Number of protein chains: 2
Amino acid sequence: MGWELKTDRPIYAQLIEQIELRICAGIYPPGSRIPSVRDLAQEASVNPNTMQRALAKLEEDGLLYSHRTSGRFVTEDTEMIRKTRNKLAKEQVQVFLKKMKDLGFEYGEILSIISDLAEEMME
Amino acid sequence: MGWELKTDRPIYAQLIEQIELRICAGIYPPGSRIPSVRDLAQEASVNPNTMQRALAKLEEDGLLYSHRTSGRFVTEDTEMIRKTRNKLAKEQVQVFLKKMKDLGFEYGEILSIISDLAEEMME
DNA sequence: ATTATTGTATTAGGTGCTTAATACAATAAT
DNA sequence: ATTATTGTATTAAGCACCTAATACAATAAT
């Protein structure tokens, strides 16, 4: 999963979401060290300041912590990660259902559209 | 459906989406006149320039057209509206499924979460 | 001890978005 | 004819975001 940054939203916000996602998906496992600010910034082709801003927010939330010179690490609190994952999933579903409802789709229609598109996407 | 504007994305982009949504949902019916730029701006509590920007984009797309002094109207092309609605729905589903997949959810799990939350949301 | 790497902080400049304040042009309403 | 309303355009200011260029502090590595 590469860094997918669009221009229609603040980059730092997108970085927060994508790093959060990597933690929840286990790409950055609990307790593991993540790359340095500068390395991550280069990976994502953004300014180190922008990456630092995103990391500081995740640290504030408790998903990351830093050791002054040895680097930054994912929390060992797997329960917090699990809750975060569930919270994100619930938000996704709610936003999705609201938009579909606003577009005038019924519950049954939504399920059939999903099943149509899910095959090509969920492998 | 009031104007729900968040601060994490450009306002004009959100206005485009919400007006598009109103057209697709039939709140602004085909051929009908929509409120003036100034009135819409006041409704949404935004600057007239910002509203104008959104309307200009929808006009460029063909969903709206304007008569110099009598106002702005929704296209009579119901086929275009139908296609737009389907395009938006497909996009929503794809974005949703991708995010859920990235979070590590299987197809079956997604369906069960939806059915859990759908009751309280869909009517 | 010295060096390199880490997180962190500061300053300056550029860009896009939004608002505010006008103004103009066209035409519907009176 | 005059007035009011419509879409449209212009200019200036403020703000948030992003980048660039540094610099500092702490400590792991040598």
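Trainee: Which oxygen of DNA strand C does a polar side-chain atom of Arg68(B) lie 3.1 Å from?

Mentor: A sugar or linking oxygen of DNA strand C is what the polar side-chain atom of Arg68(B) lies 3.1 Å from. Before we go on, note that this is a predicted model, in which local features need pLDDT of at least 70 and side-chain atom pairs count only at pLDDT 80 or more, while totals for chains, interfaces and linings use all residues. Residues are numbered from 1 along each chain as its sequence is written, chains are lettered from A and ligands numbered from 1 in the order in which they are written, and side-chain values use heavy atoms, with hydrogens and water left out.

Trainee: OK, and which residues come nearest to DNA strand C?

Mentor: Of the 23 residues around DNA strand C, the nearest are Arg72(A), Ile11(B), Asn49(B), Thr50(B) and Thr69(B), where a residue is near a strand if one of its heavy atoms lies within 4 Å of it. Of the atoms of DNA strand C that come within 4 Å of the protein, sugar and phosphate account for 68%.

Trainee: What does the side chain of Asn49(B) have 3.4 Å away on DNA strand D?

Mentor: An N or O atom in the side chain of Asn49(B) is 3.4 Å from a base oxygen of DNA strand D. Phosphate oxygens of DNA strand D lie 3.1 Å from a polar side-chain atom of Gln52(B) and 3.5 Å from one of Ser66(B).

Trainee: Back to Arg72(B): where is it, and is it buried or exposed?

Mentor: Arg72(B) is in strand E3 of chain B, and at 11% relative accessibility it counts as buried, given that buried means under 20% relative accessible area, exposed over 50%, and partly exposed in between (1.4 Å probe, protein chains only).

Trainee: What does its side chain make a polar contact with?

Mentor: The side chain of Arg72(B) makes a polar contact with the side chain of Glu59(B) at 3.0 Å. A polar contact is a pair of N or O atoms within 3.5 Å; within protein, one must be able to donate a hydrogen and the other to accept it, and residues adjacent in sequence count only if both atoms are side-chain atoms. Not counting residues up to four places away in sequence, Arg72(B) also touches a set of residues including Ile34(B), Gln52(B), Leu55(B) and Tyr65(B), contact meaning heavy atoms within 4.5 Å.

Trainee: Switching topic, how are chains A and B related?

Mentor: Chain B superposes on chain A by a rotation of 180° with 0.0 Å of shift along its axis, at an RMSD of 0.1 Å, and the two copies are thus related as by a two-fold rotation axis. The C-alpha of chain B nearest the axis is that of Arg9(B), 2.7 Å from it; the superposition is by least squares on the C-alpha atoms of residues with pLDDT of at least 70 in both copies.

Trainee: Why do we say the copies meet through the same surface?

Mentor: Because 97% of the interface residues of chain B are also interface residues in chain A.

Trainee: And which residues touch the most other members of the largest nonpolar core?

Mentor: Among its 33 residues, they are Phe96(A), Ile114(A), Phe96(B), Leu97(B) and Ile114(B). Such a core is a set of buried Ala, Val, Leu, Ile, Met, Phe, Trp, Tyr and Cys residues joined through side-chain atoms within 4.5 Å. Leaving aside neighbours within four places in sequence, Ile114(A) is in contact with residues including Phe96(A), Phe96(B), Leu97(B) and Ile114(B).

Technical notes: Helices (H or I, at least four residues) and strands (E, at least two) are DSSP runs, numbered from the N terminus.
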